[in-house]
Amino acid sequence: MRGKSKRSLGLEAEDAACRFLQEKGFQLIERNVRSLSGEIDVLARDGRTLVVVEVRRRSAPSVVSTGELVPPAKRRKIVQVAREVVGKYMRPGDSLRFDVVVVTDEGGALSCLHIESAF
């Protein structure tokens, strides 16, 4: 991790999270979905569910709560962005879910933990 910019570490984590979600059968719709209020890291589809995914990178494995991973203010911001942008992606009968993918660097190998319905 040393020597990499925060932005490149974030992109690397998003790449790993996207590969992980695709391996689980998710259909990726868009990355870095922006609105005036902020950004959604990944927007994906899991069957009839539109999934807003927040990607968090950790340098070492640890046990933390979802609230620690995505504090309340950040959750509110993600929900606000979702309100502004997901309408164009929703299909009749779709539901909406907010997930978190935690990407951990374990000695140079990235591993992913998927938390469904995180908030």
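1. Helices (H or I, at least four residues) and strands (E, at least two) are DSSP runs, numbered from the N terminus, and two strands pair if DSSP finds at least two bridges between them. In this structure β2 and β3 form a hairpin with two residues between them, and G47, which lies in that turn, has a positive phi of about 65 degrees.

2. The model is predicted, so that local features need pLDDT of at least 70 and side-chain atom pairs count only at pLDDT 80 or more, while totals for chains, interfaces and linings use all residues. Residues are numbered from 1 along each chain as its sequence is written, and side-chain values use heavy atoms, with hydrogens and water left out.

3. As for the overall plan, the protein has three helices and five strands, which follow one another along the sequence in the pattern α-β-β-β-α-α-β-β. Its radius of gyration (taken over C-alpha atoms) is 14 Å, close to the 14 Å that the globule rule (2.2 Å times the number of residues to the power 0.38) gives for 119 residues, so the protein is as compact as a globular protein of that length. Taken along the principal axes, the box that the C-alpha atoms fill is roughly 45 × 30 × 25 Å.

4. The five strands form an open sheet with mixed pairing, in the order β1-β2-β3-β4-β5. At its edges stand β1 and β5 (109-115), each of which pairs on one side only. Neighbouring strands are turned by 30 degrees against each other on average, direction ignored, where axes are lines fitted to C-alpha atoms (for helices, over the stretch in contact) and angles run from 0 to 180 degrees between N-to-C directions.

5. Helix α1 (residues 6-23) packs on this sheet and touches β1, β2, β3, β4 (95-106) and β5, contact meaning heavy atoms within 4.5 Å. The direction of helix α1 makes about 145 degrees with that of β1.

6. Strand β3 (residues 49-58) deserves a careful look. With strand β2 (residues 38-46) it runs antiparallel, and five bridges join the two; among the facing residues are V42, opposite V53 in β3, and D46, opposite T49 in β3. With β4, in turn, β3 runs parallel through ten bridges, and L50 has L96 in β4 as its bridge partner. Across the 119 residues of the protein, 38% count as buried.

7. Which residues does S35 contact, leaving aside its neighbours within four places in sequence? They are V81, E84 and V85, and S35 itself is found in strand β1 (residues 27-35). The side chains of S35 and E84 are joined by a polar contact of 2.4 Å, a term for N or O atoms within 3.5 Å, of which, within protein, one must be able to donate a hydrogen and the other to accept it, residues adjacent in sequence counting only if both atoms are side-chain atoms. A polar atom of the S35 side chain also lies 3.1 Å from the backbone nitrogen of S37.

8. Most residues other than glycine have a negative phi. N32, however, has a phi near 50 degrees, a positive value in a residue other than glycine; N32 is found in strand β1 and is buried, with a relative accessible area of 18%. S117, in the segment after β5, likewise has a positive phi of about 50 degrees although it is not a glycine.

Technical notes:
Buried means under 20% relative accessible area, exposed over 50%, partly exposed in between (1.4 Å probe, protein chains only).
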